[in-house]
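Please look over the model shown below, with its sequence alongside. The briefing is meant for a reader who wants definitions and cut-offs stated together with the values.

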Amino acid sequence: MTGTTSHNERAGAKEPMSKRTAHRRRTAGVALALAGALVLSACSGGGGGGEPEGEDSAGPEQSAAITFGDEAASTGPAEEVPGATPGGTVNVLQETAPDHLDPAQVYVSHESNITRLLHRGLTAVRLDNEGNYSVLGDLATDAGQVSDEGRTWTYTLKEDIYFNDGSPITSADIRHSVERLFADFITQGPSYLQRWLANEPETYRELLPDGPYGGEHLPDSVLETPDERTVIFHFEQPQNDLPYALSMPGYAVVSAEGDTQEAYDQEPMTSGPYQIEEFRPGRSMTLTRNEYWEAASDPARNAYPDRYEITFGHTREDTTARLMADNGENQTTVTFNNGLDAGQGPAVVEDPQYQDRLVDGYQPYVWSLAINQQTVTDRRIREAIALAVPLNGVRAAYGGALGGEYAGSLISPLLPGREDDYDPFGKVANPQGDIAGARALLEEADAVGYELNYVHHTAPEDQQAAIAVENALEEAGFDVNRSEVPPETYYDTIGVVDSGFDIYRSSWGADWLSGSTVVPPQYDGRQIADGASNYAHLDDEHVNSEIDRILLIEDPDQAATEWFELSKYVVEDAVASVPVIYYRQTMLHGSLIGGAVFNDDVGTIDMQRLYVIQDGS
Amino acid sequence: MTTTQPAAPGPEVTGRPATEPAAEPFLSVRDLRVRFGTEDGVVKAVDGLSFDVARGRTLGIVGESGSGKSVANQAILGLHNPKATDITGQILLEGEDLVTARERRMEQLRGNKIAIIFQDPLTSLSPYHTVGQQIAEPFRKHRGAGRREARERAVEMLAKVGIPHPARRVDDYPHQFSGGMRQRVMIAMALVCDPDLLIADEPTTALDVTVQAQILDLLLELQQEFGSAIIMITHDLGVVSRVSDDILVMYAGRAVERGTVHDVLSRPQHPYTWGLLGSMPRLGGDVGKELVSIPGAPPSLLDPPSGCPFAPRCTFRDEVPDNLSCADDRPALPDGRGAACHLTGERRTVLFTERIRPRLL
Amino acid sequence: MLRFLLRRSLGALAILLLISAVTFFLFYAIPRNPALLACGKGVCTQEQLAVVEHNLGIDKPIPQQYWEYMVGIFAGREFPAGSCPAPCLGFSFRDNRPVLDTILDRLPTTLSLAAGGVVVFLVLGLGFGMVAAWRRGTLTDRTVSSTSLVLSSAQIYFLGPLALALLVYNNQILSQPGYFPITEGPGAWFAGLLLPWLVLSTIFTAQYTRLSRAALIEQLQEDHVRTARAKGMGRRTVFFRYAWRGSLIPIVTVLGIDMGSLIGGAMITEQTFALPGLGRLAVDSVTQSNLPMLMGVMLFAALMIVVFNIIVDACYALIDPRVRLA
């Protein structure tokens, strides 16, 4: 899961980076459970273009299981979207232009959403007509053949796969793509695969210091490419989430022949249905068809439009106004990242004329307030904090109901295994916070006037939220010292173990739809270190042993339930973090756009299913 | 307006001294009133002014600042904004009434038949155009001259007013000239179309004394050459005595004394004129003698006194006969030689001879 | 004239040097480490951070960095991530391109917006100002004056969306604003910029109307204008040949400042109409903490303001012969 743009426009440029900081830390070395059939929520408000799941569902509904696709399922072409016709141009309004086009440098959502149209990887996640998600073989013939209890994964490449210069994609390209991840200049993409291969959380680059450029290669004990079509990964620990990880745009293929290293970031070769005809940084990007892409080899992309005209620099207000107007070119316009703006949004959501053109869903982030376990040692005081934090005050700062939903748990509604009505402190029911209860607890602990050091960052919504939290805590009897730091140093500030701060916000997002990317990175007590992401500094015997146990559970349904159970312990017993809101995003699209549905895997409109409604159809 | 003796329009031959050459008035101003509407009320800048000027003669109009002399003369040229100004009476130029003339007609007259020289040649010349352009412009307009002809005329005029190297300096800008030279340029510009009437509005005030004399001499020379009538507006009796044939003394928008230069300067009749003379230094006078300024300030023209406007400042108001009230009755200015004063002629002669003249000598 | 230009250019250079130094040291006094942005934030170990800092050239003392920046302007610089030929205004490590490339890419948008806007508001503003001054005190004057007073206090972020809603979204009278290079079709260029020009110039037109009217009325009271009338010049001649010329001086002064800042980037207009110009580039650079880019944009904007100052002074000399360029 790489959707990383927070719901608020102004934080748009900052939040992804901060958030990425958060969840990229210390995820290595953690064996993840096999996630064979995760249940996830398919929520989409009003599908455009006659989608089968077009019913107006505002809240989450657990509907389908996610599966790893076999060879049959992984064979192209992709299942037709009902009513879709090829051709036409889709216009895309975006705020921020991608800084990176080299797949290995792509992580944040405004970049990955575009590069999903350009690059292909070994696997891909597909949302089908019934609303089910599956991990399919993309360049590979299937989602991966596992052996050795998850330690060995074998992929066979398809035959009709090419780069946009016509050269065939072979296992040498895959090897090259993996090896260059270790080079110094690859700094922005995901690092799961590298860490798993090196079995080293921080120093994975030592496995191949210069990448493939110094003439060195990964040994067969790590990566084998015995023939042109076979790729075998060897891990020291079971890595049952590999098919998910490989579907991330950051692991898409780079041409060994065409690799220009740093310069590849500006002019990459593409393997997907489109290529970059023109890119003017910060302004616009035109995608046209890659003539060498074979629909028959691609089970994940319908690629109906002939052309994408993407323009940048559009604010949420501008985007919303254009899409509301729905005139001229705006009729064939979508946005991947610009949710409705806070001004117009509430009216748009209520107005019947827009209902057919709205797409909404959860984003993978949960706003929670971490409580430093090493400084706030009295559980009663932590619970007092949990009771006092006003969910409504925080949510208002993020745009109200459009921006998020009150959170009872630390696990996003996108993830499987949840109890939807979980609300341990009754906060979802009473989002203003339980000030009296908090004060009673403080008095019981003889800690009225307890001093709390609170750090947040300087983005306007974060400040507004912090003020709401501060006011409630002071009312409950705390003495709050608030300090603020710039966004890009925020996670470094709170990542220091002896930071001296007691409470701080963390917006965690799952990288893919499993609790394994939420609980272990944040609450494993053996991972408390400077720069690590256990911001609550929780070191709890029960949590630690449960993490080890659940990671070995092979049944994904059971694992999902167990992750949720463990997260309940973190909230209720340890009181390490206070869940506050689940981020949401609601987008409008033009009336001549078909196939627009929310895709939970990408956290926005599913760009692979879009088509232009042609005249007369 | 209340006057005990309304000024009768028309020439009054009997009032004219015998020494004066008989001449038909070229310009005749009759009961001119100029009023400006302001935020505070109506300003009666000129209030019932009458005078005549004949060809070849020079009329000096003297008075303090704000006495209405400049306003009256700009009314002759029709330079006041008609929307903000109310002008009544008559300004007859060779029998043609300029008060009722159309703007287009006035444009034909200005700079052509009537020209004016302003006080400050620095601000009164356009900084954006060469002196040649500025001199040639009215010549082209009024005489229909071509560019080259007008330029030659400008050079000729510059030479005539005594500017050295006129052919070269014609392309200079006003700021490249000294103050006196600039005023010569002004004069050249005013005379370029041989005007019949030249109004010189304090033409030498901004200049130093030696240059003043040169400019005045120049004006007189040119008058002899062109035979124009000149109205010389000034607050300086010295200037008037040097160039004028006749004098009109103005106070608070009205004429208070009139006569030939000789008459007015040697036998002034109005206490205000006495005051003016007393406040003026004289060549050959006693250096140690104190100059006496007129006490008080001119009245507000927004609400002028209904009687004699000078009465509040007048030292001799108690000597007015009992049947006249300075506060209520407005003294009239008789045609020809005379003064607008309630004092009897005899009394004024006695007062001047006994009390004023000794101080002036 | 040549001496004037030479002297002023040297002065401008000194000013730019000062601005660059102040900006540079201010920026690097901010406790934000650009390396953190460039290095995948937090993924980097301290050693790696050091490598990135070295690659960005920010591991050296600030005065030395400034010196290298200045040298780079004249000699160009080489970065591990790419080369930055002279004049190198810095290198954006965010997208690995020389800052100047991006500035030059955005410049045509801003230039088009500014140039078109200036033409519109000068023609209209001076025109309305002349009409109002010519017909001073009449109903026309009062209408123009009060309308311009109201509009001059309007704001683009209010007028812009309003105009968009009325003219583009609801009625489609004008086409969707956007920037299309003039080289790719003057028609599209014009249509795309028409509304931004109009909105941008509405406020400026109002301001220049007021300015022009006031300046003309002041000029009409000048002694030399009275002289022109006393010479028998017609009202039209007096108005245009004498009064108008002098009224240009305050207008040129303000125009110089406006032009400089418009070309430095009309941030709000560009934001409102989603035009990819220098103003947006500056805003984006701030939100993305892209210091080299921001530095480059600010220097460029400063250069524009200084250049237009020189042009204004040259214009003074053209208008008023009393101003000598020596």
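This is a predicted model: local features need pLDDT of at least 70, side-chain atom pairs count only at pLDDT 80 or more; totals for chains, interfaces and linings use all residues.

Residues are numbered from 1 along each chain as its sequence is written, and chains are lettered from A and ligands numbered from 1 in the order in which they are written. For the complex, the predictor gives an ipTM of 0.82 and a pTM of 0.73.

**Confidence by chain**

- Chain B has a mean pLDDT of 84, with 90% of its residues reaching 70 or more, where pLDDT is the predictor's confidence in each residue, from 0 to 100.
- Over residues 1-22 of chain B, pLDDT stays under 50, and the model has 34 contacts beyond four places in sequence for this stretch; two residues are in contact if their C-beta atoms, placed from the backbone, lie within 7 Å.
- For chain C, the mean pLDDT is 85, and 91% of the residues reach 70 or more.

- Of the 361 residues of chain B, 46% count as buried; a residue is buried if 20 or more other C-beta atoms lie within 10 Å of its own, exposed if 12 or fewer, and partly exposed in between, with C-beta atoms placed from the backbone.
- Among the contacts in chain B with a separation of 6 or more, 66% are between residues 24 or more positions apart.
- The contact between the two chains takes 24 residues from chain B and 18 residues from chain C; on the side of chain C, the elements that give two or more residues are helix 9 (223-230) and helix 10 (235-264), and helix 9 of chain C supplies the largest share, seven residues.
- By class, that side of chain C has five nonpolar, six polar and seven charged residues, where Ala, Val, Leu, Ile, Met, Phe, Trp, Tyr, Cys and Pro count as nonpolar, Asp, Glu, Lys and Arg as charged, and the others, Gly among them, as polar.
- B:Arg110, in the loop between helix 2 (103-109) and strand 6 (114-117) of chain B, counts as buried, with 26 C-beta neighbours inside 10 Å.
- Leaving aside neighbours within four places in sequence, B:Arg110 is in contact with B:Leu77, C:Ala230, C:Lys231 and C:Gly232, and the C-alpha atoms of B:Arg110 and B:Cys193, 83 residues apart along the chain, are separated by 9.9 Å.

**Helix packing**

- In chain C, helix 5 (residues 99-134) and helix 6 (residues 139-152) pack at an angle of about 140°, with their axes 8 Å apart; axes are lines fitted to C-alpha atoms, for helices over the stretch in contact, and angles run from 0 to 180 degrees between N-to-C directions.
- That angle makes helix 5 of chain C oblique to helix 6 of chain C, since angles under 35 degrees count as roughly parallel, over 145 as roughly antiparallel, 65 to 115 as roughly perpendicular and the rest as oblique.
- The crossing of helix 5 of chain C and helix 6 of chain C is left-handed, meaning that the near helix is turned anticlockwise from the far one by less than a right angle (right-handed if clockwise).
- In chain A, the axes of helix 8 (residues 379-388) and helix 10 (residues 435-444) come within 8 Å and cross at roughly 165°, and the two helices are therefore roughly antiparallel to each other.
- The residues of this contact of helix 8 with helix 10 of chain A divide into eight nonpolar, one polar and three charged.

**Backbone geometry**

- The peptide bond from A:Gly76 to A:Pro77 is cis, with omega near -5°, and A:Pro77 lies in the loop between strand 3 (67-68) and strand 4 (89-93) of chain A.
- A cis peptide bond also joins C:Ala86 and C:Pro87, with omega about -5°.
- A:Val575, which is not a glycine, has a positive phi of about 45°, and A:Val575 is buried, with 24 other C-beta atoms within 10 Å.

Conventions:
Helices (H or I, at least four residues) and strands (E, at least two) are DSSP runs, numbered from the N terminus.
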